[in-house]
Structure formats: structure tokens, C-alpha cells
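Please have the sequence and the model open while reading.

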Amino acid sequence: MVRRSMNRNELHDQNLSLVLQQIFNNHPTSRIAISHQLNLNKSTISSLYNTLMAAGYLTELGLGEASTAGGRKPTLVEINRNYGFTLTFDLGYRHLHALATFLDGHVWKYDRIETKGQSIHDMIAQINQYITQMSREDQTSHGLLGICFSIHGIVFDNQVQTSPFIDMGDVDLEQVFTTAYQVPVVLENEANLAAVYERDFNGARDLNSTVTVSIHRGIGAGIILRRDLFRGEHGDAGEIGQTVVSIAMDGAGNAHPVHAEDISSEDAIIQQIEEKKGLATLDRDGLVQLYREHDVDTVVVLRQFTTAIGGLIYNLMRSLDPDAFFLNSPLVEEIPDLLTQIREVYQALAQNDLPIDVTQNARLATVLGGCSVITHRVLNLTHYELNFERPSAETAE
């Protein structure tokens, strides 16, 4: 008797989640449409609908069009964006990227905050100030619902295992922000979030398995296998920047491994061009300008870069056999010629035309991926697919 009650409760919770998923993915929709989509009777749908409405998750929009068979016009409904908001912070080496989104996934506000040279404690202070500011501006009914952190390093069991660009010290971000705000706090690797962005917002909606190669200060890969994020047994999956691409010998005859990100990350490229040109403060904008001026040294270094990335993608294809690759690289986004060269290198090696595309609006990719992850968590829909609308490029300005 107890077991039967548990099964009934579990079925109710599952159906409740399915109805919420349908409303999130098909806005606006109606009870009759949900009934048809889920093949559940109208009375069951109405009961579940009323539960979600009473909780404040839904908002009604008015009457829609009657069906061709006639009858009453259906009441249209969508997720109540004014229920609350979530925050995602990308802890970059030079900037803190902050994104506030409503419960329905629509962007409220994006900001980029200078943090170069700051300690993790300084960054936490900045984040707390930002949360205070957003809370003052907030007009939703439930306020802050959850926080996601994008980490440029290895994350396992919601804890930072390695952080090569920011010294995390003994800071436990989950504990600090859960204690301060009493909301769910999720930590995830930056490349993984870029892969989630492609799956839920962008070019991989209809693909089964994809790899998103993230090229910034380091190189990482976010891996989606059979629609699920693959992290490996200890969170190390996708750490392709640490793969050994060659062996260098020092003056004493000792062998030293050369890693992919030592020569092919954006920082490594900039350093190589600085050395060739005798520059000291080159940034991405300056690099792009040199390329557009057909500077020979820059063209050579970037050709070496595209050859290396094309080879890296080939190796990943042989290991993972995905449907497509995406490049989350602001540099490649600004210089489309690089994508063409990378495709050419890959095609020469693989003798096939597996899709390789650049992530559009790369600046927002990781924080939008974070929006998806924390929204899934807040709605208790972690294992359900949710489709989000990609914001316009102007949002990142």
C-alpha cells in the first residue's frame, strides 16, 4: 500500500515536470495543447496546471484562437518571467561577466566588470555589490532564485579542483553564496557551459552529440554526448589544453612536454606576436588590426594557430565522433578567415565535411549556458530538455 502511494506521488511529480517543460518550450500554449502533446486527459492537465498557477510559475495571456472544429477559445499561458531572476558570473582573468535572467530565460541585464589583478576575495566583494544592486532594481515577486559560476578550471562535485588563472585559495564559492543568499549555487566549467549554450540556445538544438572548443586564455572542450553533458569521472573530460602536442628539449638535453594551450591559446598567440614585433601590451583588438593590415608576422602566427586547432579537432573527432564542432573563440569570430583555414586543415586530414562552426555572440556563450544550468536547477527540471531563445548581439554591448 505504501509502495503504491509512492508510485502515485512520483507519477504526479513527473507529470507536473512534463507540463512545466511543455509550457517553457512552447510559449504561449494552452491546456488543450499540452493535453495533446503529453497524451494526458484534460482533467489531469487542469489539476497540474492549477498547481503550477497557484505556485506562481505561470501567467495567463488571454484567449487564443478556437480550433477549426469550433468550441471555446483556449486560455494562453507562458512562464511567469516576473516570478524571479537568476544570476550567472563568469570568473574571467581580466573581467567578471555578469548576466541576470528572468525565470523564462530572457535576459534582464548583462555587465562586464574589470577585475584584472584582483584576488578572489576582491571578486567576491564585487559580486556581492552586484547582487545588492540587482536586488534594489528587482521588481519580481520572489527575487533572486539561484546563482551559477562559470569557472576557467576543473570543477567536480560543485567544487573548484584547479583554477590556473585565479588563485581560489581556500574559498568555497558554494558555501559562501549559499550561506549569504539561501539559494541554489552551481559551479560549472566554462567550456562545459559554452557547450550547454550551443545545445539549448544555439546551433546544436537538433544534434545528438557535439564538441565545443573554447579558446581563450586557455583551451578547453565542452562535450555533449547523447544530449547530456559529459564531464568524465572526476571532472577532467575536455581538458584538451593540457594534451601534449610535442616534446621540447632544453639546453641540458632534458625533454619537456609542450601542451596545446602553450602554443594555441589566445594568450599564447598574442605572446608570440609580441615577441616577433617587439610589443609589450598587445591585446585582441590590436592583433585583429595587425591581421587586417596584412602584417606578415601576424599572418604566419595565425596560420600556425589554425593548423594546430584543425589538427586538434581532427583528433577529437577520432576520439568522440560527434555530429558537429563549435568554436567558442572571440578571435575566430572577429576574423572569419581563421574558421575557413581551420575547416581546410580538418578536411585535408579527415577527408570529410563534418560541420565546424563558430559560436555566435561568443561573449555571452558561457553566461547563457550558466543561465540554462541554473534555470534547470531552480525549476527542478535538471534532466528535462529546455529550449531558450538566443538574445540579440546587442545584449552584449
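Is E188 buried or exposed? E188 is buried, with a relative accessible area of 4%, where buried means under 20% relative accessible area, exposed over 50%, and partly exposed in between (1.4 Å probe, protein chains only).

## Basis of the values

This is a predicted model, in which local features need pLDDT of at least 70 and side-chain atom pairs count only at pLDDT 80 or more, while totals for chains, interfaces and linings use all residues. Residues are numbered from 1 along each chain as its sequence is written, and side-chain values use heavy atoms, with hydrogens and water left out.

## The surroundings of E188

E188 lies in strand β9 (residues 185-189); helices (H or I, at least four residues) and strands (E, at least two) are DSSP runs, numbered from the N terminus. When its neighbours within four places in sequence are set aside, E188 is in contact with F149, S150, I151, V155, L193, L229 and R231, contact meaning heavy atoms within 4.5 Å. Between E188 and L339 the C-alpha to C-alpha distance is 27 Å, and the two residues are 151 apart in sequence.

## Salt bridges

The structure holds 12 salt bridges, each defined as a side-chain nitrogen of Lys or Arg within 4 Å of a carboxyl oxygen of Asp or Glu. One of them joins R217 to D267, with the closest N and O atoms 2.7 Å apart. Because R217 lies in the loop between β10 (210-215) and β11 (219-225), and D267 in helix α8 (residues 266-277), this pair ties together parts that are 50 residues apart in sequence. R217 is partly exposed, at a relative accessible area of 27%, and R94, R217 and D267 are linked in a network of salt bridges.

## Two further pairs

R227 and E385 also meet through their side chains in a salt bridge, at 3.0 Å from N to O. This pair links distant parts of the chain, 158 residues apart, with R227 in the loop between β11 and β12 (228-230) and E385 in the segment after α13 (362-378). R227 is buried, with a relative accessible area of 12%, whereas E385 counts as partly exposed at 38% relative accessibility.

K277 forms a salt bridge with D295, the closest N and O atoms lying 2.6 Å apart. Here K277 belongs to helix α8 and D295 to the loop between α9 (284-292) and α10 (296-320), so that the pair links distant parts of the chain, 18 residues apart. K277 is partly exposed, with a relative accessible area of 31%, while D295 is buried at 13%.
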